[in-house]
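This report describes a structure through its annotated span, its ligand surroundings, its domains and its helix contacts. Please read it alongside the sequence and the model shown next.

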Amino acid sequence: NVYYQSIDGIPDRTYDFIVVGGGTAGSVIASRLTEDPRISVLVVEAGPDNEGVLDLQIPGYYFQIPATYNWNYETEPGANIHNRVLKFDRGHVLGGSSCINGMVYTRGASDDYDAWAKITGDPGWSWNALFPLYKIHEKWLPPLGGRNITGQYDPRVHGYNGKTQVSLIQKSPDEFDLRALNTSTQYLCKDFPFNLDPNSGTPLGLTWTQSTIGDGVRSSASAAYLDTPVRARPNLDIVVNAYATRLLSSGTEKKKQLDIRTIELAPRSGGTTRKTLTAEKELILSAGAINSPQILLNSGIGDSADLTSMGIQTILNLPNVGKDMSDQPVTVALWNTTSGVPFPLLDPAAALEQWKSNHTGPLSAFATRQTIWSRIPSNSTIFKRFGPDPASGEGAPHIELSLYDDGAVAGTSIILLTPKSRGTVKLRSNNPFDPPRIDLGYFNNPFDLEALREGARLAKQFFSAPSWSDYLAAPITADPDAADPAPFEDNTRDFVLTTLHPVGTAAMSARGSKAGVLDPDLRVKGVTGLRVADASSIPLIPTGHPQAAVYALAERAAVLIKSAWY
Ligand SMILES: Cc1cc2nc3c(=O)[nH]c(=O)nc-3n(C[C@H](O)[C@H](O)[C@H](O)COP(=O)(O)OP(=O)(O)OC[C@H]3O[C@@H](n4cnc5c(N)ncnc54)[C@H](O)[C@@H]3O)c2cc1C
């Protein structure tokens, strides 16, 4: 139950499990394992504590979270995006990226998880198998203020006694939302049907956006799973400001398998002090899609040629570590409004005062209120030109449109949910403190740029409905249907951004398969004592924002670990 501020404080004792990275997945796993008083766990987190930090509690502070809570990475220049370097945020705090993310809560399509089951050969990853875990993790709450939300979500698909609080926005729909709803129900029902709930496994259509917010407060993994009663457990210790530099082999087991249960730690501030700890049973690596592969590579687990070139001795040649990263690129389609008058600016002091007094007002929310989940029409030429449809099934969207309105400008973001391009995470040097090289690989596969064009067409179609004729004026962004395709392409390369949804850098695959890095039970292939459980383990990016999938994966990780040992 004691909480250590540096590696110097870690007591001289043993733990059954050491969870490396107290982020989204790590918080869930530590919390679930220590529900059993027989199991002792140490959580090692590089960042500071989240508790009591207002900036991490106020949903509307998304854009002003201090840099201390961020790894502040930058990507490598993108060859296909005019060599642009993108800011690449990652949570650097207990609770990880769930403390700094956009809080959008989407599980994706049931087809996605059924594809996980197929890829891994483990039906335990299917939608039907994970659905009960979704219910266990979630605590659905009505929006504070009690507005009527009947018809805006499906009560049957939510959990009510779980940890992560999920809700719809407190504010009632405004004129823009009603226009969008009208577009779907009156004019374009066939292409953009209204869908009661995006989290039922069948997301296609126009939906009301759900967020990991409860009673106006961000519900991060640390706030939800490592709350005060959990921290008080005598079988759970947490150390913050502790940087895992590498994993060390504890020798080979009887079956001549590598046994890795030892972690080397350093103060987050750097320097040469090191401390090693060995877990009695297992190490659980949950440092996220960028840092889990970084730690594996630093330990000599990865592509041996790459490791040799960095001067790192290979202890296990696992060529796919840090490869096959999927991330979802985002662009926009915007129009001037007929009024051209922006909404009045927020009075920050008054908004903060209101939030502090009762957790209501503009700071109680962040994301847009409505989201459209669409498929690229099956007769689109892109499936002929660039190969098979990357979507997991007919129920999975390719494109997400998050509707946007600031009074003067309105439209939507366009997210490609099913990218074909893959990126990499590599080491910069053999200094464990050096930030890794993050190459997003955007548009390495030409399908992705053309799929965004299809997304822009969907946006254009949606906003061409009569419900918008007196609200939208001239388009601001390039026309996807222009006779000359170059301006749209050029603009997209200029403006595309990352959704910060990297997954798959240490992915699961079938037992015995040479693909991937992990077996279906999240154990590193060819190793005993070590699992990776976080966004890097995901074998196929879900067609939504990934935090919900990470929660489900972490819940199952805890089940797998408990059933393996107890
Ligand atoms: C700005 C932003 C916005 C996003 N918006 C959304 C959204 O709206 N909806 C959504 O679903 N998803 C969103 N995401 C993505 C989502 O938050 C992540 O996919 C998810 O939280 C990843 O969980 P994780 O457990 O894999 O990693 P993290 O939650 O990132 O956890 C990794 C943890 O490991 C720690 N760590 C790393 N290296 C070390 C080390 N060497 N030693 C010790 N500890 C270490 C980190 O500090 C961190 O706490 C967003 C992400 C970001 C960054």
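## Annotated span

The unreviewed UniProt entry lists residues 288-302 under "domain: Glucose-methanol-choline oxidoreductase N-terminal"; UniProt positions are given in the numbering used here, feature names are shortened, and annotations may be inferred rather than shown by experiment. The end C-alpha atoms of this span are 16 Å apart, and 73% of the span is helix and 13% strand, where helices (H or I, at least four residues) and strands (E, at least two) are DSSP runs numbered from the N terminus.

The model is predicted, so that local features need pLDDT of at least 70 and side-chain atom pairs count only at pLDDT 80 or more, whereas totals for chains, interfaces and linings use all residues. Residues are numbered from 1 along each chain as its sequence is written.

## Surroundings of the ligand

Around the ligand there are 40 residues, of which Gly21, Gly23, Gly96, Gly102 and His545 come nearest; a residue is near a molecule if its C-beta atom, placed from the backbone, lies within 6 Å of it. Helix 7 (288-298) is among the elements that supply at least two residues each, together with helix 1 (24-33), strand 12 (242-252) and helix 13 (547-565), and helix 7 gives the most, with 4 residues.

The shell comprises 17 nonpolar, 19 polar and 4 charged residues, with Ala, Val, Leu, Ile, Met, Phe, Trp, Tyr, Cys and Pro counted as nonpolar, Asp, Glu, Lys and Arg as charged, and the others, Gly among them, as polar.

## Two domains

Domain 1 (3-54 + 222-325 + 503-565) and domain 2 (141-218 + 329-418 + 443-495) are given by the domain assignment of the chain, the bounds coming from an automatic or database domain assignment. Their C-alpha centres lie 34 Å apart, and the contact takes 7 residues from domain 1 and 11 residues from domain 2, two residues being in contact if their C-beta atoms, placed from the backbone, lie within 7 Å. On the domain 1 side, helix 5 (221-225) and helix 13 each supply at least two residues.

## Helix 3 against helix 13

The axes of helix 3 (residues 127-137) and helix 13 come within 9 Å and cross at roughly 100°, axes being lines fitted to C-alpha atoms, for helices over the stretch in contact, with angles from 0 to 180 degrees between N-to-C directions. Helix 3 is therefore roughly perpendicular to helix 13, a term for angles of 65 to 115 degrees.

Leu130, Leu133, Tyr134, Ile136 and His137 of helix 3 meet Tyr551, Ala552, Glu555 and Arg556 of helix 13.

Methods: Parallel < 35°, antiparallel > 145°, perpendicular 65-115°, else oblique.
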